[in-house]
Amino acid sequence: MTSHLSPYLRFGNISVRQVWHAAIAAGAERQQMNLRNLDKFLSELGWREFSYNLLYHNPDLSTQNLQRKFDRMAWRRDPAALKAWQQGRTGYPLVDAGMRQLWATGWMHNRVRMIAASFLVKHLLIDWREGEAWFWDTLIDADPANNPASWQWVAGTGTDAAPYYRIFNPILQGERFDPNGVYAKEWIPALKDTDARYVHRPWEASGSNAPNEYCPRLILHEDARSRAMANFSALT
């Protein structure tokens with residue numbers, strides 16, 4: 001579930017204060033409301049304001065790494081892989097469904113944004129600025145603060161207190177957040193007849209379950225993870 005308020009916040013149709021106080025009021029009036037969900041919703045508004053704080057103090061947020069050690073990162077120049085990612089042809093259904101939804105509608109869920117962004121930066125080792133620019137051109141809620149701050153968070157170049165280099169596994173993420181493959185099948189017609197247990201790992205399917213028209217993986221997850229970790233380790 002999501003509020004779909006981000007485009008309206010982006011263009012000033014409604015203010016963060018209005019949304020914040022309306023959410024608080026709804027929580028007070030509806031005793032059955034899940035307060036954990038309310039807290040999560042409010043925290044997302046807080047992250048939005050934090051992104052604007054970052055932008056205020058770092059006007060070049062969309063072009064310069066906040067952690068300057070990443071200026072030495074060995075990004076790959078791979079126009080073909082970048083285009084495949086943009087068009088939703090990576091071979092990983094959750095990533096591809098998200099990128100196809102983005103192109104068709106100008107929007108996708110924040111969870112899928114994180115996974116798709118991580119794939120570009122960590123699996124393909126393509127500069128996060130390429131992804132930030134694509135999202136800026138295609139998202140209807142593309143925000144001058146949220147967009148670059150979120151990309152830097154995913155890339156590990158921003159303000160992140162996590163003591164590790166985070167690499168999302170697109171297979172496990174798909175099985176966790178789209179266990180029946182409903183979302184993947186909606187945006188990838190080649191998967192419509194694939195059994196749910198194979199939707200997020202279609203290369204394991206056989207016979208009538210095998211989606212013959214779906215693209216192969218650009219890279220194996222295990223190989224991509226090892227390469228990304230080696231690339232990151234070279235910075236330290």
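Residues are classed as buried under 20% relative accessible area, as exposed over 50%, and as partly exposed in between (1.4 Å probe, protein chains only). By this criterion, buried residues make up 47% of the 236 residues in the protein. The model is predicted, so that local features need pLDDT of at least 70 and side-chain atom pairs count only at pLDDT 80 or more, while totals for chains, interfaces and linings use all residues. Residues are numbered from 1 along each chain as its sequence is written, and side-chain values use heavy atoms, with hydrogens and water left out.

The protein contains eleven helices and zero strands, where helices (H or I, at least four residues) and strands (E, at least two) are DSSP runs numbered from the N terminus. The order of elements from the N terminus on is accordingly α-α-α-α-α-α-α-α-α-α-α. The radius of gyration, taken over C-alpha atoms, was compared with a globule rule of 2.2 Å times the number of residues to the power 0.38. For 236 residues a compact globule would have a value near 18 Å, and the 19 Å of the protein agrees with this. Along the principal axes, the C-alpha atoms fill a box of roughly 55 × 45 × 30 Å. Of the contacts (heavy atoms within 4.5 Å) between residues at least 6 apart in sequence, 69% join residues at least 24 apart.

For the charges, Lys and Arg count as positive and Asp and Glu as negative, with His and the chain ends not counted. Each charge is placed at NZ of Lys, CZ of Arg, CG of Asp or CD of Glu. The mean positions of the 27 positive and 24 negative charges are 3 Å apart.

Twelve salt bridges are found in a search of the whole structure, a salt bridge being a side-chain nitrogen of Lys or Arg within 4 Å of a carboxyl oxygen of Asp or Glu. One of them joins Arg48 to Asp143, with the closest N and O atoms 3.5 Å apart. This pair links distant parts of the chain, since Arg48 lies in helix 3 (residues 35-57) and Asp143 in the loop between helix 7 and helix 8 (146-155), 95 residues apart. Both Arg48 and Asp143 are buried. Together with Glu49, these two residues are linked in a network of salt bridges.

A further salt bridge connects the side chains of Asp127 and Arg129 (2.9 Å, N to O). Asp127 is buried because its relative accessible area is 16%, whereas Arg129, at 23%, is partly exposed. The side chains of Asp193 and Lys192 also meet in a salt bridge (3.0 Å, N to O). Here Asp193 is exposed at 54% relative accessible area, and Lys192 is exposed at 53%.

Backbone geometry was also examined. Most residues other than glycine have a negative phi. His4, in the segment before helix 1 (6-10), has a positive phi near 60 degrees. With 42% relative accessibility, His4 counts as partly exposed. Leu125 likewise has a positive phi, of about 55 degrees, although it is not a glycine. Leu125 lies in the loop between helix 6 (110-123) and helix 7 (128-138) and, at 3% relative accessibility, counts as buried.
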